[in-house]
Amino acid sequence: MSRRTPRALVGGAPQETFTFRFDGRDVTAAAGQTVAAALWGAGVLAWRTTRHDGEPRGAFCGIGQCFDCLVTVDGAPNRRACLVPARPGGLVTSQEGTGHDDLAV
Amino acid sequence: MPNRHSPDVVIIGAGVVGAACAYYAARSGLTVAVVDRGPVAGGTTGAGEGNLLVSDKEAGPELDLALLSTRLWRDLSATLPPETEYEPKGGLVVAPDEPALKALRAFAEGQRAAGVTATEVPADRLADLEPHLAPGLAGGFHYPQDAQVQPAQAAARLLAASGAALHLGEEVTAILRGPTGAVRGVRTGRRELLAPAVVNAAGTWGGEIARLAGVHLPVLPRRGFVLVTEPLPRIVRHKVYAADYIADVASGSAALQSSAVVEGTPGGPVLIGATRERVGFDRSLSTEALRRLAAQAARLFPVLADVQVLRAYHGFRPYLPDHLPAIGPDPRVPGLHHACGHEGAGIGLAPATGVLLAAALTGAEPPLDPAPFRPERDHGPADVPTQEQQS
Amino acid sequence: MTTSPSDPRTAPADLAVVGAGPAGLAAAVTAASLGLTVTLLDAGARPGGQYYRHPDPALGATRPQALHHDWAAFADREAELRAHERAGRVRYLTEHQVWSVTGSGTDWSVHSRTDDAAGEPVRARAVLLATGAYERQLPFPGWTLPGVVGAGGAQAMFKSGLVLPGRRVVVAGSGPLLLAVAASLAAAGARVPAVVEAAGYGPYVRHTGTLLRNPAKLAEGALYGGALLRHQVRPLLRHAVVEAHGTDRVEAVTVARLDRDWRPVPGTGRRVPCDALAVGHGLVPELSLATALGCATRTAADGTAALVLTPGLRTSVPGVWAAGETGGVGGAQLALAEGEIAARTVAGRAVPASLARRRDRLRAFADAMGAAHRPGAGWTGWLRDGTAVCRCEEVPAGRVREAVEELGATDARTVKLLTRAGMGWCQGRMCGPAVAALAGGETVADRRPLACPVRLGQLAELPAD
């Protein structure tokens with residue numbers, strides 16, 4: 001019996017696979033996946049810490065409504081990982097707090 | 001007849017002004033009931049930014065009230081819980097060019113004579129106070145007495161500290177009068193609250209309460225929009241706004257026109273407010289108001305152009321045509337007092353209003369002359385609907 | 001209403017449709033086929049909304065229909081949409097998030113943003129809101145742990161990205177979506193140790209008539225039921241996940257029995273190991289644009305706020321129509337029917353009696369389901385004072401209770417002012433139902449004059465009046 005996977009269910013193959021950098025390591029993504037999907041695929045469920053209690057958070061609503069999956073992508077903070085497409089060679093960084101600590105005075 | 005459970009005073013309005021009246025009346029030994037058709041801070045208070053400003057007021061009765069309030073808020077901050085978020089952060093008024101700076105100087109001179117501390121900040125020192133401020137400004141004035149509170153918390157904590165009996169979600173349907181015409185309480189949808197004194201602290205709806213008591217008090221709504229950004233670290237230290245000098249040639253008088261007030265909050269977001277429009281109780285979104293606020297804020301703090309605005313909301317400031325609040329007894333109806341019409345300064349002016357009101361209720365000596373705030377004064381002609389660009 | 005021959009980029013469209021899910025898609029193609037010019041705005045890159053969410057073409061799925069049991073209904077309409085687009089009858093703006101609709105009568109401006117720029121305001125003579133819904137969440141201790149995800153969220157991530165949050169996924173909450181999610185996850189290879197449903201199916205019995213008049217819906221249920229049985233998953237009724245355990249991610253959940261009011265029955269807790277939890281309690285209509293316009297709302301059978309609509313799907317604001325979940329959560333088939341009805345009344349055409357009957361039948365079914373899965377008041381019994389209610393602002397239940405019991409908050413808005421619950425990035429979408437329940441007030445539609453965040457610089461660059 002063949003192993004059940006999402007891919008086995010829908011068939012086919014991605015146009016390409018590539019890697020992006022996440023917190024200093026390479027994560028493999030398929031073309032067409034969001035950053036959150038690629039991170040889930042790599043077994044990563046959290047990529048943000050909250051600004052008060054420093055709790056880990058990741059994707060929750062999956063449709064861009066809850067903003068829990070905020071992440072820094074190519075230096076821009078507060079991007080919704082569940083909406084932002086993964087890009088070859090992209091730089092994804094776990095976000096701490098507001099993501100704007102550099103602006104504090 | 002009032003019985004032993006009847007309070008000494010019924011206050012209509014659980015906003016910050018009603019709460020301050022309740023607080024100081026209770027401190028004067030009176031028993032207090034507060035009634036509101038909505039929740040605590042359900043009207044203008046809940047839409048306010050918590051400005052305790054002296055910087056925007058020219059010398060005169062309102063500034064005297066604001067200066068007294070400034071001292072009272074500092075005292076209150078020692079007794080109210082930290083959730084009130086009292087911050088004596090100071091204000092910074094900046095001038096975009098030399099004429100504006102010159103006007104600010106003259107404005108500050110008058111304020112100083114009234115007891116305001118205002119220190120001129122040369123252009124090359126502005127960044128010391130506000131590192132993210134736009135370059136190229138002519139200079140500014142620092143007002144260390146300006147401060148901030150979290151308005152809903154301030155109202156709720158003052159009410160809690162007053163020990164007043166709260167009747168929330170009860171609309172006052174009648175002001176009860178005795179055979180001599182004197183006030184003897186209020187009727188709500190649920191009960192009669194009997195008391196020898198009734199305080200109209202209903203804010204924007206103050207005119208309606210006055211009408212229920214059979215008197216005219218022309219309180220009108222003036223809409224304001226506020227923008228709220230995403231949570232940020234502290235990037236704005238003071239209450240910051242720009243001032244432009246407008247010479248009114250026709251009247252020969254001078255008025256200060258100011259732009260959006262930009263300020264950080266302990267909660268994280270930067271608040272940008274507020275427009276002033278006389279459009280009645282229109283609740284529709286004005287994209288023009290949002291555009292002006294955003295543009296003014298980005299001119300002052302270019303770094304804000306790239307932050308996200310999460311929320312925009314509006315409130316209605318209660319104002320009287322001569323732009324002074326009504327505070328004190330109404331000689332037309334014995335027992336009726338007013339404490340409303342504070343426009344956009346209700347949070348700041350609340351404690352002084354409460355102290356004046358408590359003095360009137362108990363016959364104590366008021367800390368300043370209440371005459372300019374007499375409710376029965378001639379309030380002047382009503383303004384025509386318009387949209388302005390001042391804060 | 002007639003077509004406008006001039007440049008679609010400057011001339012007002014006859015109709016602006018917000019949302020390209022089942023309702024908006026059906027509305028847009030119907031309106032275009034009746035001769036109207038249509039501008040269709042949608043936040044997504046591809047049509048279909050959340051219901052017909054499917055993988056990006058670059059993912060190369062050869063059988064996307066395996067993700068949906070009625071793919072043809074979507075595929076047909078997408079083909080129509082593309083044909084209308086080519087013919088210039090529909091202007092389809094993807095990845096445009098609408099933040100406000102302003103105007104009145106027959107003169108509307110739809111303000112949107114793309115990822116990095118302000119969209120030009122779209123002008124239109126009529127507006128149709130098909131903004132769909134988001135998932136209703138009820139907090140519980142541990143619900144902020146990584147690996148705890150929305151049931152609809154797990155489904156969405158799976159359908160669009162072909163990924164799962166874990167290998168052993170408990171599915172919990174309430175509503176028919178749970179069965180669909182559990183079936184999807186199981187078909188995609190996850191083990192589903194439990195499907196935990198807070199309601200009983202008893203209330204369904206009272207609506208047998210309604211259920212029997214909806215054979216397609218019954219077939220759908222049987223399909224999920226059959227799929228679940230194949231994977232040896234059986235829903236556990238009148239139970240709830242009352243706590244998620246773990247440190248960096250969820251490792252187990254506690255499942256407890258509920259009484260009729262959804263109050264957890266003491267001593268019935270049982271620990272179920274898992275590495276993910278997919279949880280949701282039905283859907284909440286997304287009404288931000290509608291309430292900002294002043295559209296009247298009502299409390300729907302499921303307890304959420306929904307728009308008051310005429311049989312022709314007009315809102316209370318002249319010139320504004322709505323279809324699909326905005327009028328009360330009811331699923332894709334109802335949304336497809338309503339999109340068609342709304343487009344017809346916008347165009348001034350009669351609605352075929354068979355279509356109206358179909359809509360009424362589906363709406364009655366949705367109401368029956370909504371009532372059956374409406375959360376019982378006792379659910380707050382599983383909240384501890386330290387449980388985060390607002391995920392964004394990290395506001396615990398204890399602070400919300402203090403605002404209600406000690407500080408004079410009698411509604412969700414005042415709780416928000418006093419505690420910051422609902423003031424964060426999501427503007428109360430995740431905590432709203434919970435805060436409202438704790439505040440004890442009636443259902444009130446949230447007011448969000450900005451329907452989504454907008455960069456300040458974009459607001460500053462709006463055209464001046």
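Trainee: How many residues of domain 1 of chain C are in contact with domain 2 of chain C?

Mentor: Keep in mind that this is a predicted model. Chain C is divided into domain 1 (15–134 + 284–351), domain 2 (137–281) and domain 3 (383–465). On the domain 1 side, the touching residues split into three nonpolar, four polar and one charged. Domain 2 puts eight residues into the contact, and the number from domain 1 is eight.

Trainee: And which element gives the largest share of the side of chain C that touches chain A?

Mentor: Start with the whole contact, where 44 residues of chain C meet 40 residues of chain A. Three elements of chain C each supply at least two residues to that side: β8 (133–135), β9 (148–150) and α3 (151–161). With seven residues, the largest share comes from α3(C).

Trainee: What about chains A and B: how many residues of chain B are in contact with chain A?

Mentor: From chain A, eight residues take part. Those of chain A divide into three nonpolar, three polar and two charged. The count from chain B is twelve.

Trainee: Which residue takes a positive phi just after α1(B)?

Mentor: Look just past the end of that helix. The phi there is about 95°, and the residue is B:G29.

Trainee: Which residues does B:R291 touch?

Mentor: B:R291 sits in helix α8 (residues 287–300) of chain B. It has 18 C-beta neighbours inside 10 Å, so it counts as partly exposed. Leaving out residues up to four places away in sequence, B:R291 touches C:L459, C:A460, C:L462 and C:A464.

Trainee: How far apart are the C-alpha centres of the two domains of chain B?

Mentor: The assignment gives domain 1 (9–46 + 152–219 + 322–381) and domain 2 (90–144 + 220–318) of chain B. Their contact takes eleven residues from domain 1 and nine residues from domain 2. On the domain 1 side these are three nonpolar, seven polar and one charged. As for the C-alpha centres of the two domains, they lie apart by 30 Å.

Trainee: What is the radius of gyration of chain B?

Mentor: Chain B has nine helices and 22 strands. For its 391 residues the globule rule gives 21 Å, and the chain's own value is close to that, so chain B is as compact as a globular protein of that length. Its C-alpha trace spans about 70 × 45 × 40 Å along the principal axes. The radius of gyration itself is 21 Å.

Trainee: What share of the contacts in chain B between residues at least 6 apart join residues at least 24 apart in sequence?

Mentor: As background on chain B, 59% of its 391 residues count as buried. Now take the contacts between residues at least 6 apart in sequence. The share joining residues at least 24 apart is 75%.

Trainee: Is C:W262 buried or exposed?

Mentor: C:W262 lies in the loop between β14 (250–257) and β15 (270–273) of chain C. Its phi is near 70°, a positive value in a residue other than glycine. The cut-off for burial is 20 or more other C-beta atoms within 10 Å. C:W262 has 22 of them, so the word is buried.

Trainee: And how does B:H323 count by its C-beta neighbours?

Mentor: B:H323 is in the loop between β19 (308–319) and β20 (326–329) of chain B. B:H323 too is a residue other than glycine with a positive phi, near 60°. It has 15 C-beta neighbours inside 10 Å, so B:H323 counts as partly exposed.

Note on methods. Residues are numbered from 1 along each chain as its sequence is written. Chains are lettered from A and ligands numbered from 1 in the order in which they are written. This is a predicted model: local features need pLDDT of at least 70, side-chain atom pairs count only at pLDDT 80 or more; totals for chains, interfaces and linings use all residues. Two residues are in contact if their C-beta atoms, placed from the backbone, lie within 7 Å. Helices (H or I, at least four residues) and strands (E, at least two) are DSSP runs, numbered from the N terminus. Domain bounds come from an automatic or database domain assignment. Ala, Val, Leu, Ile, Met, Phe, Trp, Tyr, Cys and Pro count as nonpolar, Asp, Glu, Lys and Arg as charged, and the others, Gly among them, as polar. A residue is buried if 20 or more other C-beta atoms lie within 10 Å of its own, exposed if 12 or fewer, and partly exposed in between; C-beta atoms are placed from the backbone. The radius of gyration is taken over C-alpha atoms; the globule rule is 2.2 Å times the number of residues to the power 0.38.
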